[in-house]
Amino acid sequence: MANSKKNTEGMPNAHLHELFVDELRDILGAEKQLLKGLKKMASKANGETLKNAFQEHLSQTEEHVERLKNVFDSIGLTARGKKCKAMEGLLNEAEEIMEEFENGEVLDAALISAAQKVEHYEIASYGCLVTYAKLMEHSEAEELLATTLNEEKETDVKLTDIAMSEANVAQ
C-alpha cells in the first residue's frame, strides 16, 4: 500500500488515509464477491417478490462496484479490491442456509436472514467510509459513498418488509 500514501500532505485527518484506502479495497472486493452470492440467492428464492428484490440488488451491486471505481478515481488511486474475509464468511453461511433449508417452506425467511447479515456488514462498512471521507474532506468520495450507504439501508428495509409480509408469515 505504499503508493496509496501519496498526496496526503496537508490533508485534514491524513492519519485515516491508509485505513480509508484499505477499507475501500475491502468493500470493493466484498461487492464483487456479493455479485455471485446474489445470483445464487435469487435462483433459490421461492417468492417472486424476494427473487425480484435479489435481482434488483444484483443490478444495484454492479452500480456499487462502478461507483467505488469512481471513489478511487476521486482520490487519485487505481481501483483495486482485495478478498473480503467477512463477506466470504457471510456468503459461506448463506450457502449453508440454502443447503439446509433447500426444500423447506422457511427457505425464503432463511435467505432474508442471510441477506440482511450481508446488508448490515455493508451498512457498517459504508458508514465508516463516509465518515472517513468527510473527515479528510474528500467531498466527491463522501457523496458517492453516501449514495451507496443509503441504497444499502433501503435494501435492508425492503428485505424486512418482504420478511414481515410474506416470508415469515404462514400463508
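In the predicted model, helix α1, spanning residues 17-44, packs against helix α4, spanning residues 107-135, at an angle of about 160°, and the axes of the two helices lie 11 Å apart. Because angles over 145 degrees count as roughly antiparallel, α1 is described as roughly antiparallel to α4. The crossing in which α1 passes α4 is left-handed. On the side of α1, the contact is formed by Leu19, Phe20, Glu23, Leu24, Asp26, Ile27, Ala30, Glu31, Leu34, Met41 and Lys44, while α4 contributes Leu107, Leu111, Ala114, Ala115, Val118, Tyr121, Glu122, Ser125, Tyr126, Leu129, Tyr132 and Ala133.

A disulfide is a covalent bond between the sulfur atoms of two cysteines, and the structure holds 0 disulfides. Cys84 has a relative accessibility of 0% and therefore counts as buried, whereas Cys128, with a relative accessibility of 36%, counts as partly exposed.

The backbone at Glu137 was also examined. Most residues other than glycine have a negative phi, whereas Glu137, a residue other than glycine, has a positive phi, near 60°. Glu137 is located in the loop that lies between α4 and α5, the latter comprising residues 139-167. With a relative accessibility of 60%, Glu137 counts as exposed, because the cut-off for this class is over 50%.

How values were computed:
Residues numbered from 1 in each chain as written. Predicted model: local features only at pLDDT ≥ 70, side-chain atom pairs only at ≥ 80, totals over all residues. Heavy atoms only, no water. Axes fitted to C-alpha atoms, helices over the stretch in contact; angles between N-to-C directions. Helix = DSSP H or I, 4+ residues; strand = E, 2+ residues; numbered from the N terminus. Parallel < 35°, antiparallel > 145°, perpendicular 65-115°, else oblique. Left-handed = near helix turned anticlockwise from the far one by under 90°. Contact = heavy atoms within 4.5 Å. Disulfide = S-S within 2.5 Å. Buried < 20%, exposed > 50% of the residue type's maximum accessible area, 1.4 Å probe, protein only.
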